[in-house]
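Dear colleague,

Please find the structure below, handed over for your records. My notes on it follow directly after.

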Amino acid sequence: MKKRFAGGLLATLLTVCLLAGCGKAAEPAPAATGSDDTASAQTQTAADTKDEAADAGDTQTAEPITISFWCNFTGSDGDVLREIVANYNETNTDNVTVEIDIMDYATLQSKLPTAISTGTGPSFILAGVELIKQYKENDMILPIDDFWDVTGIDKSNFNANVLEKSYFDGTQYGVPMQYNLQYLYYNKDLFAAAGLDPEKAPKTMDELEAAAVACTDAANGIYGIGLPVNYGNYVEYLWANGGDVVSTDGTQNFLNSEENIKTLTWMQDLMKKGVSPEGLDAGEADTMFQAGRLAMYTSGPWNINGLNQLGINYGITAIPAGSAGAFAPEGGCSWMLAKGADDAVRSAAYKFMAYWLSDGVLKEWSNRNGFPVWADTVLADPEIQANKILADVSEASTIGRDYHLQLDCGSQIDADVMQPLMERVLRGDDVATCLQEASDKLDEILGLK
Amino acid sequence: MKRNQKLAYLFITPSLLILIVFVFVPLFSAFFISLTNMDIYMNEYHLIGFENYQRMLEDSRVWNATKNTIVYTAIEVPLQIFLSLLLLFLMLGNTRFHKLLRTVFYLPYVCSMTAISIMWSMILNKNSGMVAYLLAKIGIQIPNLLATEGYAMGTVIAVSVWKNFGYTLTLLTAAALGVSGSLYEAAEIDGAGWFARFLHVTIPGIRQTILFCLVTTLITALQVFDQIYVLTQGGPLFSTETLVGYIFERGFRAAPFDVGYATSVAVYLFFLIALLTFILRRYTTRREEEE
């Protein structure tokens, strides 16, 4: 009898232990945020922005509140983001604590919908503007049309083209966090070594080709330009000669055109001239440019911070123009309020978003990460104006153009159509055939077939 | 039901709960999801019958991924077992040096596949890697191993074998050391040499362990993902894209995040693994019965 009782007790205990392991952890107390060293380094910026942030919002709450956001800033910019959030937590007078959870893109995309629908998600989200439509249509985010009125922030201080990326069907769903395009980076030392003027960046595709040929010294492992096979789309070069991929509403396929054949043939010829390493990977292109083995390549502003730290003598300019002009695909991130946020969370999130839009924070973000400035008051700042790279980036940011930002299938177009197309073109396959097949695939994705 | 039977059921309850919650429920849920048009947002999905499976039949990427998965498995698994057996043969003496070597061979296995893949991608990189640089110094030009269609899969297989064979070797060694010494002595008296003793004493003695290694490495190989995701991301031109990679691509990486369709490919992979494992088990069991 005793044995049976002990056995039963043991089995029950094992089961309870098992179930306990599946239980939800207790809510953590609002964490002490920020590290001492980062806090001290940023105290001045925080002091500058504290007053502006304190004014944000129509109500001041004395009740402590903890809000959280998820994002996929897994690079060095994520460290800067953490520091800014830590500063906010230490300096804000509203008793708001912001917690940040950084994860990679795929994890964020897979966790977020379930978390929001089960009430275990973040208070707000920091994500790419191309996701606003999907999030809105899937009932994951809330409208924030009252943001400017509630916070009292002057909307006209910010570039209209940046603000409009956070709207869908005329309703505001996001507050801009950053804006970026693609830029042409060039190594001034390699330009000088090739007898080119290091202060004169290529402005046209012809100049780009000439500079690439001049800078190439393949015997010594130096190449004029990096054309990675998995870069994504190269749509900026297609646009430059009057070509295109898809209409912004996704109802027309423009891929199979004479203009695109001309541009892709030009790129293939560049490869044949040996100005770019074969089979180059996008990550490799970063490394080679940092090592001074690529004279030029195209990338976003996120590389500026690393290049500055390495002391590379480089310049940055707009994507060169073709026969139809110069264009670059737009990108950016916005703060979005997650479904389920009550008034207190909304108010606290607005305060943090307002803090982000303060001059001090925007200036710090641009200065440290190289992202273009999109606020008039920050542009007028002497420190910003004295920053040559930032001035060049901001100047090169006027040629932005919408590339499938409003299409649900945008990333599928890049992954299933554009990347295979560029891989084939750059390895030397027949351009017309490649375009025809890619166009057929695009028709399939757009439902035009 | 007898009292001690009740108690036995009570004792297996925790394990049964784990199996139900973490194996059976996801398994049946996956089959259900594969019959829906669910996307990652899980809004407004409904049953669409076998449409996803019908779509699979017309999707060339699925068949390309199936081919790549089978090619990878068909080369990686035998290579790993063969390399382990070869080293086992060379290290049957079990000296201190052999023990040291086994430890060294086992080290990659305890490292993260992601870390190892990053390391190899840096070493093998044509434009900035050490191997290409050193070989170029002595006048040898190598192709871009990870970015050329004909070489990428072979490179991925080589990295996988390099990482995993230490595990197989350890299992086989443990089994080989358990083979009775008297059998070796008898074989030696009969005039068997080193190789004959290995072939006719060691191999039969560790047959069950070889079979175990074969089944586990087969299942792992059919689910290959990490190393390919890091080394080639399925490229160039999908030449290393495997079924798990394609499931990830369709479900979580590229819009419209078609979870229903991705799950149907996962169910297909499940049956593929089950079928191949079943065939292997049947074949080896029959061989054993014949002997």
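I begin with B:N52, which is buried because its relative accessibility is 4%; buried means under 20% relative accessible area, exposed over 50%, and partly exposed in between (1.4 Å probe, protein chains only). Please note that this is a predicted model, in which local features need pLDDT of at least 70 and side-chain atom pairs count only at pLDDT 80 or more, while totals for chains, interfaces and linings use all residues. Residues are numbered from 1 along each chain as its sequence is written, chains are lettered from A and ligands numbered from 1 in the order in which they are written, and side-chain values use heavy atoms, with hydrogens and water left out.

Helix 2 of chain B

B:N52 lies in helix 2 (residues 51–58) of chain B; helices (H or I, at least four residues) and strands (E, at least two) are DSSP runs, numbered from the N terminus. Neighbours within four places in sequence aside, B:N52 is in contact with B:I33, B:S34, B:T36, B:G260, B:Y261 and B:S264, where contact means heavy atoms within 4.5 Å.

B:R55 counts as partly exposed because its relative accessibility is 35%, whereas B:D258 is buried, with a relative accessible area of 16%.

Salt bridges between and within chains

Over all chains, the structure holds 25 salt bridges. One of them joins the side chains of B:E149 and A:R427 at 2.1 Å, N to O. That pair crosses between chains, from helix 7 (residues 149–177) of chain B, which holds B:E149, to helix 20 (residues 410–427) of chain A, which holds A:R427. Both ends are partly exposed: B:E149 has a relative accessible area of 38%, and A:R427 has a relative accessibility of 46%.

Within chain A, the side chains of A:R424 and A:D429 form a salt bridge at 3.2 Å, N to O. A:D429 counts as buried because its relative accessibility is 18%.

Helix 21 of chain A

Helix 21 (residues 431–446) of chain A has 16 residues, which at 1.5 Å a residue should span 22 Å, and its end C-alpha atoms are 22 Å apart, in agreement; the expected span is 1.5 Å times one less than the number of residues. Its buried residues include A:V431, A:L435, A:L442 and A:L446. Among the elements that cover the buried residues of this helix are helix 12 (258–272) and helix 20 of chain A. After helix 21 of chain A comes A:G447, with a positive phi near 75 degrees.

Strand 3 of chain A

Strand 3 (residues 124–128) of chain A is mostly covered, with 5 of its 5 residues buried. With strand 1 (residues 65–71) of chain A, strand 3 pairs in the parallel sense over 2 bridges; two strands pair if DSSP finds at least two bridges between them. A:F124 in strand 3 stands opposite A:F69. Strand 3 also pairs with strand 11 (residues 331–337) of chain A, in the antiparallel sense over 5 bridges, and there A:G128 has A:C333 as its bridge partner.

With kind regards

Conventions
Salt bridge = Lys/Arg side-chain N within 4 Å of Asp/Glu carboxyl O.
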